[in-house]
Amino acid sequence: MSTLEIRDLHVSVETKEGPKPILRGVDLTIASGQTHAIMGPNGSGKSTLASALAGHPKYTVTSGSVTLDGEDVLAMSVDERARAGLFLAMQYPVEVPGVSVANFLRTAKTAISGEAPALRTWGKEVKGAMENLRMDPAFAERSVNEGFSGGEKKRHEILQMELFKPRFAILDETDSGLDVDALRVVSEGVNRAKENTEVGVLLITHYTRILRYIKPDFVHVFVDGKIAEEGGPELAERLEEEGYDKYVGKTAPAS
Ligand code: ADP
Ligand code: MG
Ligand code: MG
């Protein structure tokens with residue numbers, strides 16, 4: 001059993017005009033095996049939370065703490081966070097021209113687990129995971145994210161999640177830009193990881209649609225850089241009907 005604990009987290013983003021405060025006191029605790037959905041309007045700071053957890057250099061934690069089983073995550077480098085078991089699927093994943101998916105996956109797996117995976121079993125594992133996600137085997141030879149369609153990027157993220165077996169996965173708008181079939185395939189991948197590894201999932205989304213496939217245990221409404229309301233799955237259904245209007249403008253502006 002592991003716990004990821006976010007306490008009173010304040011984060012600013014670096015802009016040309018100087019640091020701009022975005023997160024204004026986020027509290028969230030995720031345990032192994034739990035799925036937490038963060039839902040909120042555009043610009044509320046959801047991706048900022050994901051980037052801060054990932055250690056993105058543009059985002060500065062001005063106060064608060066993030067711990068994984070008591071270990072200070074904010075003191076860790078990006079690599080150390082991955083080795084500690086944090087996985088982040090970015091809303092806009094970066095291209096890595098000249099590095100094939102197959103090479104990237106093996107290199108990253110080696111870095112995360114501290115030893116190279118056994119070639120024979122690894123090859124089978126990758127092949128099986130790609131089949132499950134309905135990915136063409138030729139995909140493994142393409143450059144990471146270069147010219148990937150929206151759906152291919154998301155499948156590639158979930159492929160990594162299934163192969164790297166993180167303790168906590170932060171999925172930022174994994175549903176955006178997916179048609180219904182792709183959404184189902186990607187959701188099945190997340191559900192497989194949940195069954196096989198007890199991964200704790202932080203599912204960031206603007207829409208309730210993905211929550212029909214990936215069942216959240218907790219739903220947090222995110223507005224103006226903090227959590228405005230929390231509940232169970234029924235809260236997502238209410239949001240589907242009511243939207244975010246009633247929350248917006250209820251808290252003081254960020255700056
Ligand atoms: P969400 O993911 O909920 O749509 P974001 O975290 O992307 O929200 O953005 C939250 C706020 O922070 C927005 O007002 C956005 O314009 C601002 N912001 C985020 N990243 C940057 C950046 N790199 N430079 C300037 N402003 C940013
Ligand atoms: Mg956005
Ligand atoms: Mg976002």
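A salt bridge is defined here as a side-chain nitrogen of Lys or Arg within 4 Å of a carboxyl oxygen of Asp or Glu. The structure is a predicted model, in which local features need pLDDT of at least 70, side-chain atom pairs count only at pLDDT 80 or more, and totals for chains, interfaces and linings use all residues. Residues are numbered from 1 along each chain as its sequence is written, and side-chain values use heavy atoms, with hydrogens and water left out.

By this criterion, the model contains 13 salt bridges. One of them joins arginine 212 to glutamate 240, with an N to O separation of 3.7 Å. Arginine 212 lies in the loop between strand 10 (200-205) and strand 11 (218-223), and glutamate 240 in helix 7 (residues 233-242), so distant parts of the chain, 28 residues apart, are linked. Helices (H or I, at least four residues) and strands (E, at least two) are DSSP runs numbered from the N terminus. Glutamate 240 is partly exposed, at 46% relative accessibility; buried denotes under 20% relative accessible area, exposed over 50%, and partly exposed the range in between (1.4 Å probe, protein chains only).

Arginine 134 pairs with glutamate 188, the closest N and O atoms being 3.9 Å apart. Because arginine 134 is in the loop between helix 4 (119-132) and strand 8 (143-144) and glutamate 188 is in helix 6 (residues 180-197), the pair ties together parts 54 residues apart in sequence. Arginine 134 is exposed at 53%, whereas glutamate 188 is partly exposed at 31%.

A network of salt bridges links Glu229, Arg238, Glu242 and Lys246.

Notes: Chains are lettered from A and ligands numbered from 1 in the order in which they are written.
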